[in-house]
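Hi everyone, thanks for having me. Let me put the structure up, and then I'll walk you through a few spots.

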Amino acid sequence: MDKQLIVSPSPHIHGGDSTTRLMRDVLIALIPAFAFSVFVYGLSALLVTVIAVASCVVFEFLIQRYMLKGPSTIGNYSAVLTGTLLAFNLPSNIPIALIVIGSLVAIGVGKMTFGGLGRNIFNPALVGRVFLLIAFPVQMTSYPTPTLSVDAMSGATPLAYVKEALKSGMSVSEVMPNLPSSTDMLLGIHAGSLGEIGALALILGFIYLLVRKVITWHIPVVIVATMAAFSGILHLTAPEQYIGPAFHILAGGTLLGAIYMATDYVTSPMIPKAMVIYAIGIGVLTILIRTFGAYPEGLSFAILIMNAVVPLLNKYVKPRRFGMALTKA
């Protein structure tokens, strides 16, 4: 043959995406939620975010330059995104020193210990958040009530209140009158971290990410659907003992975690089938921890646990190879 068809290893065509562009799109998607948190909590929300972002950028620069001795990677916005997501997982009244400590753990332990972006096993922002939650539980669970006034009083989140109330022997029907309505929770009129209170704003960001094709629907939708199904089954079996699915979806960091943290490219699966398994695991573990565990909010732990399973999913859950017969002869 005079002419031969030579096929080189993939990828054959570059899609035009870059780390910088993807990180920038996620940051843009978070703008509505960030603006809402500043509207509700004022300058304290802005201060928390600025300190978290600045600390993450500085720690990544220092570690990259003086420990790993490699080129600086702060220009790809990944450290900025880590700091923003960490801030979204913190109360607006948290001490500045704890923000810096959380940033150091997020970048130093959650990211750079593994070699930097693309090599980390766990979501860095969640590593920082869980460390602070375990090490400083009081500061991490004292939230200002979003009254839009200067004298905001500190209070428990709806999830924390329900957890303690049901544990003390109260029934769901006795608890419900003391909870914010679904509309209030959707609009963010309840206590919580910066990223818990803007459910509607987070959904707007989700739509933007879908339009920009930064993420697919699989992980967020399956997480929410799994949580709704599992909590709904529990509620149907014992309606006075287990609260309904609408509360679980709108309370806590469900939307923040499902949309912006579980979908992290590095720590989530690569193909749809594996994404679905991964998301189901997160949804089930979250309801198990919230209902039967010690912590009222289980999504962070669930995501980190499933992050550890991702390498196995990528290895054993693979698409059919191109050209392989659909059925065996």
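**A bridge, a crossing and a patch**

Okay, start with Arg212 and Asp25: their side chains meet in a salt bridge, with 3.1 Å from N to O. Keep in mind that this is a predicted model.

Next, look at helix α2, residues 31-41, and helix α3, residues 43-66. Their axes come within 6 Å and cross at roughly 135°. Angles over 145 degrees would count as roughly antiparallel and 65 to 115 as roughly perpendicular, so α2 is oblique to α3. Which residues make the contact? On the α2 side you have Phe34, Ser37, Val38 and Tyr41, and on the α3 side Leu43, Ser44, Ala45, Leu46 and Thr49. Sort them by class and you get six nonpolar, three polar and no charged residues.

Last stop, the surface. There's a nonpolar patch here of about 610 Å². Leu187, Ile189, Leu200, Ile203, Leu204, Ile207 and Val211 make it up. And where does the largest share come from? That's helix α11, residues 199-211, which gives five residues to the patch. Leu204, for one, has its place in α11.

Okay, that's my tour, so over to you for questions.

Note on methods. Residues are numbered from 1 along each chain as its sequence is written. This is a predicted model: local features need pLDDT of at least 70, side-chain atom pairs count only at pLDDT 80 or more; totals for chains, interfaces and linings use all residues. Side-chain values use heavy atoms; hydrogens and water are left out. Axes are lines fitted to C-alpha atoms, for helices over the stretch in contact, and angles run from 0 to 180 degrees between N-to-C directions. Helices (H or I, at least four residues) and strands (E, at least two) are DSSP runs, numbered from the N terminus. Angles under 35 degrees count as roughly parallel, over 145 as roughly antiparallel, 65 to 115 as roughly perpendicular and the rest as oblique. Contact means heavy atoms within 4.5 Å. Ala, Val, Leu, Ile, Met, Phe, Trp, Tyr, Cys and Pro count as nonpolar, Asp, Glu, Lys and Arg as charged, and the others, Gly among them, as polar. Patches are made of residues with over 30% relative accessible area and no salt bridge: like charges are joined within 9 Å, nonpolar side chains (Val, Leu, Ile, Met, Phe, Trp, Tyr) within 5 Å. Accessible areas come from the Shrake-Rupley method with a 1.4 Å probe; for residues, only the protein chains shown count as cover. A salt bridge is a side-chain nitrogen of Lys or Arg within 4 Å of a carboxyl oxygen of Asp or Glu.
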